[in-house]
Amino acid sequence: MITGLIAAGILLLIIAGIYNSLVRKRNDVENAFGSIDTMLKKRYDLIPNLVETVKAYMKHEKETLTGITELRAKAVSGNISSDEKVQLENQISGAMRGIMVAVENYPDLKANDQFGMIQRSWNEAEEQISAARRAFNAAVTEFNNAVETFPSNILAGMFNFKRKQVFEIPDTERKNIIAKEMFGN
Amino acid sequence: MSSSIEFRNLFDTRLLPVLQELEQKRKKIIGKFFTYGSAYLFLCVAVVFVFNSKLKTDTAIIVLIVSVIVGIIGFFAFFRKDISEIKNVFKNKIIHEMIRYIDKSLLYSPTGFIQQYEYLESKLFLTQPQRYSGEDIVAGKLKDTQIKFSEIHSEYYTKDKKGNKTWHTIFRGLFFIADFNKHFKGETVVLPDTAEKLFGSFGSFFQKMNVSRNQLIKLEDPEFEKEFAVYGTDQIEARYILSTKLMRRILDFKNKAGKKVYLSFTNSKLFVAVPVNRNLFEAPFFSSMIDFELIAEYYRYIELMVGIVEELDLNTRIWTKE
């Protein structure tokens, strides 16, 4: 009788341990997802500064600049779906790429110290976004492994923990990396 | 490789004349050692022989051995100045010349070394050293990056029941510090991975259990993960520092070094420790000074350390840190 109780107790403890670890892993994923947002926001915050600095030099790029400002306003407004967010993100990246290419036509701007600093901050933000995404992917992989491997998969099935998708770098992002290379020079 | 041809050239034109001079001096001392030594030995044997009738054979042998040892010690004490002069010239001319050849802006001090507080700052080795020493510091600025490195040796002791101390090495080898090109606040430590190599994926279980370290950081590069275990205070910051490119570069550096490599990132600095289990940059005394292989090896070590800046791309300053 007593041994039975003890065995049941131990089993319960093990189950609780596995369950808690699943929950912890899921929270890690959410946390990591949140930090991508933070990093993206950090990059958006650079845009007004950039537009302000660039405006005086880039006489022919007025439209693009206004466009970027509008996109940013939309992106930070908050009440948008994640699909829209991704799309905005892609549009902003695309427009930024355009600007960075255009900079080549304005040697004065390229030599401007403040612009140089913004470029550096932009690179940093990009690198941090990429780090946040990688951290997110690591957390998702950890979680998925727990969901799909024995014995935690039994509990995952019972409590409806589902496999999550890792972040895939869209094509435009890959091109973004090329834009980043240009930043450097 | 072009670098080995370059070194051959340096050796033949700049180092060889100095080495030949040193070799002559060394040979003179060794010559004296044999002349005086054999005379002294002859004297000892003669004395023992004279008093042979009064001594037992055992005692005679012991007396002889003791006098020979005393003689050798006495000889080296007498010639200490000359020997250390050869060693000093070797360091100040040969080693210094090689360092200047690799980069003119580098400074060298044979007696200086990375200080203990800097060693501790790296968080690479957590055992508190009870004895700490070093030599042969090289320092300078390569383009935008400040670097320094030296040999260091850190040890701790244990006592047995009788209270006898035994010294154990914590780290011995080359210790490198550079100003890192990105800003960061936390600590990230990259250690050679022994657990995962031995136990495969089960090893990462042991890595997690490592209570003396910060959080385990699992990176996506499988080859990197196999070689290293990364611990840090911040998951994202660690990845910000260890970009996919830098991981590749660290792997390349590790292969080039052909040894275990320890790296850490704290206080905006990069620390690299490469264990070498012997005293580097020393003049040979009991063998010929004109030892191309030995000096080429010293050269490779200097090149390896200075090369970290290029190898890990520390001069790329495209982030907010200038």
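About 1,600 Å² is buried between chain A and chain B, and carbon and sulfur atoms give 54% of that area. Buried area here is the accessible area (1.4 Å probe) that two parts lose on being put together, summed over both. This is a predicted model, in which local features need pLDDT of at least 70, side-chain atom pairs count only at pLDDT 80 or more, and totals for chains, interfaces and linings use all residues. Residues are numbered from 1 along each chain as its sequence is written, chains are lettered from A in the order in which they are written, and side-chain values use heavy atoms, without hydrogens and water.

Now look at who touches whom. On chain A, 17 residues are in contact with 19 residues of chain B. Contact means heavy atoms within 4.5 Å. Two salt bridges are counted between the chains. Such a bridge puts a side-chain nitrogen of Lys or Arg within 4 Å of a carboxyl oxygen of Asp or Glu. Glu127(A) and Lys182(B) form a salt bridge through their side chains, at 2.8 Å from N to O.

Which helices of chain A supply at least two residues each to the side that touches chain B? They are helix 1, helix 6 (113-148) and helix 8 (171-184). Helix 6 gives the most, with 13 residues. Helices are DSSP runs (H or I, at least four residues), numbered from the N terminus.

Finally, follow helix 1 of chain A, residues 2-44.

Note on methods: The expected span of a helix is 1.5 Å times one less than its number of residues.
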